[in-house]
Amino acid sequence: MAQLWGGRFQKKTDDLVYEFNASITFDKTFFKEDLEGSRAHVKMLSKQGIITKDDEKAILEGLDSIEKDVESGKLNITTEYEDIHSFVEANLIDRVGEPGKKLHTGRSRNDQVALDMRLYTRSQVEYTKSQLVNLLNVILRIMKENTTTIMPGFTHLQKAQPITLAHHMGAYFEMFKRDVLRLNDIRERMNYCPLGSGALAGTTYPLDREFTAKELGFYGPCDNSMDGVSDRDYLIEYLSALSTIMMHLSRFSEEVIIWNSNEYRFVEIDDSYSTGSSIMPQKKNPDIAELVRGKTGRVYGALMSLLTTMKGIPLAYNKDMQEDKELAFDAMRTTNGCIQLFAGMLDTMSFNKDNMYNSANKGFTNATDAADYLVNHGVAFRDAHGIIGRIVLYCIDKGIAIDDMSLEELKNICPAFEEDIYDAISMETCVNKRLTHGACSKEVMEGVISSYSEWLSGQDA
């Protein structure tokens, strides 16, 4: 058992206590972050004259050799060590001797683990953003190709008004765009360095915290050492953002599942993103979409777990905070994997445009436009609403669409109808006369697509 704190204790730690207390099985995840923080710390110690240049050189070479051996498989991170910090320090001392014992000068495991978690989370925030940008590029491509692809828009899962596939996809672009903006905001707020906070009260050594912060890519050091070691707000915010991303993916997955059904047949999922049935040979199942939908609850669980862990903790560091890692790591892996798989599924999916059009055309989605037509011909809106309701009932009874009615049939119900009614309620007219900001017409969508392209190019930079 490699421990950093044995001097005060006379009895050996009980094996069950040691196993319960240890974190090496999961905090080895940020092995590289621990090395990165140690390198910055030892450079600062040397710069400040706290250790010699020779000690700095020996320690940095030792850290490099540990990293090389772990990456090659020559050195394994095992449960012999309590945590990743113990692993690095013990192996460093074995390799470079006395200089290795100076690595921990002016540093506590409290600010060390706070730094490691912040560095790892920051990199994950950036990775999640890159995955979202890739997904947004897929959505944008589909939008560009489908500004005239007419489909029904829904409320209450009932056909409501005709829209385009570009417009429908644009709603998800907006959702994931907000997710990117949230991640940008989280990164800005979290980008301050806890290293140098010590256990909670700072240190008597003349540390240059500005140096280590800059070395590690932070805007500066945390201003309060107690908060520096005990803050997990940034992780809660990130898990909240991941939960929102998963909610958006789950909504999108639900629609893909519905569109893939035999009743809709709006989409054809590529074979590479589908599976079959072990007993029913005709089946082609939307498993990726279903799994994304199912894994959403798993990410929600990580957020609720951390919120519950943090709600009763007094200042400053407490061992409870070790519970910030396992579920958070799982939520990060889960969300990033779901974004990547969903983007691949969407990118290879084909759209049955005829089925979409026919569904809109046969679903009375132009009823509102028919009512607007009557209003424009002098009929009060409330009366027009009732007239179109009667027409819909008539069409349901006959098994036809409004467009299929003869002018004579229409006039029998309301004399205000004229020959131009058919153009006024065509699917194309219903879509393209909607020219207000945010509407579904081809003209509006082309402007939106242009602004989305410009915004996305800024996120890739």
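Modeller: This is a predicted model. The chain has an accessible surface of about 21,900 Å², and 51% of that surface belongs to carbon and sulfur atoms.

Biologist: What does the secondary structure of the chain come to?

Modeller: There are 19 helices and four strands.

Biologist: Why is the chain called more spread out than a compact globule?

Modeller: The globule rule gives 23 Å for 461 residues, and the radius of gyration of the chain is 31 Å, well over that value, so the chain is more spread out than a compact globule. Along the principal axes, the C-alpha atoms fill a box of roughly 100 × 50 × 40 Å.

Biologist: How many of the contacts between residues at least 6 apart in sequence join residues at least 24 apart?

Modeller: The share is 76%. As for burial, 51% of the 461 residues count as buried.

Biologist: Why is threonine 296 called buried?

Modeller: Buried means under 20% relative accessible area. Threonine 296 has 4%, so it is buried. This residue lies in helix H11, residues 287-310. Leaving aside residues up to four places away in sequence, threonine 296 touches Met246, Met247 and Ser250.

Biologist: Is histidine 156 buried or exposed, and how do you know?

Modeller: Exposed means over 50%. Histidine 156 has 74% relative accessibility, so it counts as exposed. It lies in the loop between strand S1 (150-155) and strand S2 (158-164).

Biologist: What makes the phi of histidine 156 worth a remark?

Modeller: Most residues other than glycine have a negative phi. Histidine 156 is not a glycine, yet its phi is positive, about 55 degrees. Phenylalanine 364 is not a glycine either, and has a positive phi of about 60 degrees.

Biologist: Where is phenylalanine 364, and is it buried or exposed?

Modeller: Phenylalanine 364 is in the loop between helix H13 (353-361) and helix H14 (367-376). Its relative accessibility is 18%, and the cut-off for buried is under 20%, so phenylalanine 364 counts as buried.

Biologist: Which peptide bond is cis?

Modeller: The bond from leucine 315 to alanine 316 is cis, with omega near 5 degrees. Most peptide bonds are trans. Alanine 316 is in the loop between H11 and helix H12 (326-348).

Key
Residues are numbered from 1 along each chain as its sequence is written. This is a predicted model: local features need pLDDT of at least 70, side-chain atom pairs count only at pLDDT 80 or more; totals for chains, interfaces and linings use all residues. Side-chain values use heavy atoms; hydrogens and water are left out. Helices (H or I, at least four residues) and strands (E, at least two) are DSSP runs, numbered from the N terminus. The radius of gyration is taken over C-alpha atoms; the globule rule is 2.2 Å times the number of residues to the power 0.38. Buried means under 20% relative accessible area, exposed over 50%, partly exposed in between (1.4 Å probe, protein chains only). Contact means heavy atoms within 4.5 Å. Accessible areas come from the Shrake-Rupley method with a 1.4 Å probe; for residues, only the protein chains shown count as cover.
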